[in-house]
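Please look over the sequence and the 3D structure shown here, and then read on for a short report on the ligand and its surroundings.

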Amino acid sequence: MKVGILGGGQLAMMMIQSSIEDNIEFIVVDPSDNPPANKYVKCIKSDFDDIKMLDKLSRECDVVTIDFENVPSASLKYLERKIDVHPNSKAVEICQDRLKEKELFEECKIPVTRYKKVDSLDSLDSSKKSFSNGAILKSRFFGYDGKNQVDLDISNLKTAFQTCGGSKLIIEEKVSFIRELSLIGVRDKKGGTAFYPLVENKHINGILHTSIAPYDDDKLQKKAQDYHNLLTDKMNYVGVLVIEFFLDNENKLIANEMAPRVHNSGHWTIEGANISQFKSHIKSVTGENISNIKVDKCAAMMNILSTMPDLTTLDIPNILKIYDYGKTEKRNRKLGHITIIDKDKDKLLNRIKVLEKFTS
Ligand code: AMP
């Protein structure tokens, strides 16, 4: 079985790592010089819309998947005419556009933040008036890690409009959430599904900093899974899909966005679950039935951003693993992550406090 991956970042790297022993071969494509996945597979340097490269993938692979959701959907459509592509181009296209994403949430009766489409400075000016509790302006496209979005309470409208790209925007209500949660679920080709427990996520400046699992709440877990099933059925989705939620002060889940791929808030599943999100994804896209997911301990994942700290001097038991993606240091770049595990959640939370000093 040969799997093509568009994107050679740390997600591709961990997908490959998870499946090496399963006799799966990978062809990875990335436009950059030395992406993290190079550690395991010599990546092909190419743009994602290069026809020669797409033809090579369709000739040599059994299935193509992605590690990066902003792969041009036209490339996925081109590949789909010849081989299996999971997630499919339509699903990826929806997830690339915050407007289409919110419309799908609404179609599935999943609560979303109040929002409006914005295409001009005038429409921004008039829309802002109906968001008296605060609003955030976001670009519909290429928004991740808090990029291309501006809090309108602290920015002048014109500057915000330009910062977000000046067209194809949405304005949305600022939610006063009590927590941010994500649900990682996987669907196989026969429609079978499996879910990881809800994860609690802490962001700093819009970038994920810490994920802690499980967030134990049976009712919320069921609700989130129901939402996930509605979305994956509707999109005829195969692979891992992640939904990010706000939890409001009435304990209600509000969908913020979804990612058609393995997700940063699921890195802990490598050490914290019987089967990682990476392996679940590869199993499902290669046509295997997905396995039951078991999690019998608490886990936390902390991202290492901007600079690689010296963690060798740190004496914290149960730092299970430190990942270094081998990237050059840059402000707010995700360079690696740390996973810690403990049966006892309070002990885990104490260790996180110590680690925060080194990773913030
Ligand atoms: P996003 O790129 O939409 O995932 O946003 C990044 C982060 O910004 C989220 O995880 C939240 O912490 C914050 N954020 C985004 N949208 C909103 C919103 N409507 N209300 C409050 N906080 C938000």
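This is a predicted model: local features need pLDDT of at least 70, side-chain atom pairs count only at pLDDT 80 or more; totals for chains, interfaces and linings use all residues.

## Contacts of the ligand

An oxygen atom of the ligand has a polar side-chain atom of E257 at 2.6 Å, where a polar contact is a pair of N or O atoms within 3.5 Å.

Residues are numbered from 1 along each chain as its sequence is written, and side-chain values use heavy atoms, with hydrogens and water left out.

## The shell around the ligand

The ligand is surrounded by 17 residues, the closest being K138, E172, E173, E180 and E257; a residue counts here if one of its heavy atoms lies within 4 Å. Because domain 2 (114-173) and domain 3 (177-359) both give residues to this shell, the ligand lies between them, the domain bounds coming from an automatic or database domain assignment.

Strands here are DSSP runs (E, at least two residues), numbered from the N terminus. In β15, 7 of its 7 residues are buried, that is, under 20% relative accessible area with a 1.4 Å probe and protein chains only. Strand β14 (residues 239-247) pairs with β15 in the antiparallel sense over 6 bridges, pairing requiring at least two bridges found by DSSP, and F245 stands opposite A255 in β15.

Note on methods. A polar contact is a pair of N or O atoms within 3.5 Å; within protein, one must be able to donate a hydrogen and the other to accept it, and residues adjacent in sequence count only if both atoms are side-chain atoms. Buried means under 20% relative accessible area, exposed over 50%, partly exposed in between (1.4 Å probe, protein chains only). Helices (H or I, at least four residues) and strands (E, at least two) are DSSP runs, numbered from the N terminus.
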